[in-house]
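Please work through the following exercises with the sequence and the model open beside the text.

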Amino acid sequence: MHCGSEPHAQVNGMVELARRERTALGAPMDIEPQDGILECIRIAAGEVREASDRIADLAPEDIETLATWSTIRHEAMDRFTAYCFGALRVGLEERLVRIGE
C-alpha cells in the first residue's frame with residue numbers, strides 16, 4: 001500500500017493497515033472468560049482433528065508432508081492440553097454447573 005511520503009499520509013496508511021489487520025485477525029469482542037476458554041478448547045480440538053485427518057490421508061511415502069502435519073498436530077495438542085489444564089485448574093466445569101443450576 002503506497003500512501004505517499006508526507007507524514008499525514010504515512011499515518012493514514014498505518015491506520016488503514018491496522019484496520020485491515022484487525023478485520024483479518026478478528027476485532028475485539030466482549031466475552032465471558034469461561035466462554036473464551038471453552039472456545040479456545042474447541043478450536044484447538046478441531047485443529048488436532050484436522051491435522052490427524054490429514055496425516056491419516058497421506059501416502060506412506062510422503063515423509064516430508066507427514067513431518068509437517070505431525071508438527072502441526074503436536075503444536076495443536078500442546079495448545080489443547082494447556083487450555084484444558086487451565087480450565088481444570090480454575091474449576092471451570094464446576095463453575096459452569098453452578099451457573100446452569
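## Exercise 1: Cysteines

Searching the whole structure for disulfides (pairs of cysteine sulfur atoms within 2.5 Å) gives zero. The model is a predicted one, in which local features need pLDDT of at least 70 and side-chain atom pairs count only at pLDDT 80 or more, while totals for chains, interfaces and linings use all residues. Residues are numbered from 1 along each chain as its sequence is written, and side-chain values use heavy atoms, with hydrogens and water left out.

Task: state whether C40 is buried, partly exposed or exposed, and do likewise for C84.

Solution. Begin with the classes, in which buried means under 20% relative accessible area, exposed means over 50%, and partly exposed lies in between (1.4 Å probe, protein chains only). C40, with a relative accessible area of 31%, is partly exposed. C84 is also partly exposed, at 22%.

## Exercise 2: The fold in outline

Task: determine how many helices and how many strands the protein chain has, and what share of its residues is buried.

Solution. Elements are taken as DSSP runs numbered from the N terminus, with helices being H or I of at least four residues and strands being E of at least two. On this basis the protein chain has four helices and zero strands, and the order from the N terminus is α-α-α-α. Next, of the 101 residues in the protein chain, 15% are buried. Finally, consider contacts (heavy atoms within 4.5 Å): among those in the protein chain with a separation of 6 or more, 56% come from residues 24 or more positions apart.

## Exercise 3: Salt bridges

Task: find how many salt bridges the structure holds, and, for the pair R79 and E47, which helices the two residues lie in.

Solution. A salt bridge requires a side-chain nitrogen of Lys or Arg within 4 Å of a carboxyl oxygen of Asp or Glu, and the structure holds three of them.

Step one concerns R79 and E47, whose side chains meet in a salt bridge at 2.7 Å, N to O. Because R79 lies in helix α3 (residues 63-89) and E47 in helix α2, this pair ties together parts that are 32 residues apart in sequence. R79 is partly exposed at 33% relative accessibility, and E47 is partly exposed at 33%.

Step two turns to E39 and R42, joined by a salt bridge of 4.0 Å, N to O. Both belong to helix α2 (residues 33-57), and because they are three residues apart there, about one helical turn separates them. E39 is partly exposed, with a relative accessible area of 38%, whereas R42 is exposed at 54%.

Step three takes R54 and E50, whose side chains form a salt bridge of 2.8 Å, N to O. Both lie in helix α2, four residues apart, which is about one turn of the helix. R54 has a relative accessible area of 40% and is partly exposed, and E50, at 37%, is partly exposed too.

## Exercise 4: The surface

Task: identify which residues form a nonpolar patch on the surface together with M14, and where M14 is found.

Solution. Patches are made of residues with over 30% relative accessible area and no salt bridge, like charges being joined within 9 Å and nonpolar side chains (Val, Leu, Ile, Met, Phe, Trp, Tyr) within 5 Å. V11, M14 and V15 form such a nonpolar patch, with about 260 Å² of accessible area together. Accessible areas come from the Shrake-Rupley method with a 1.4 Å probe, and for residues only the protein chains shown count as cover. M14 is found in helix α1 (residues 7-25) and counts as exposed at 55% relative accessibility. The accessible surface of the protein chain comes to about 8,100 Å², with 57% of that belonging to carbon and sulfur atoms.
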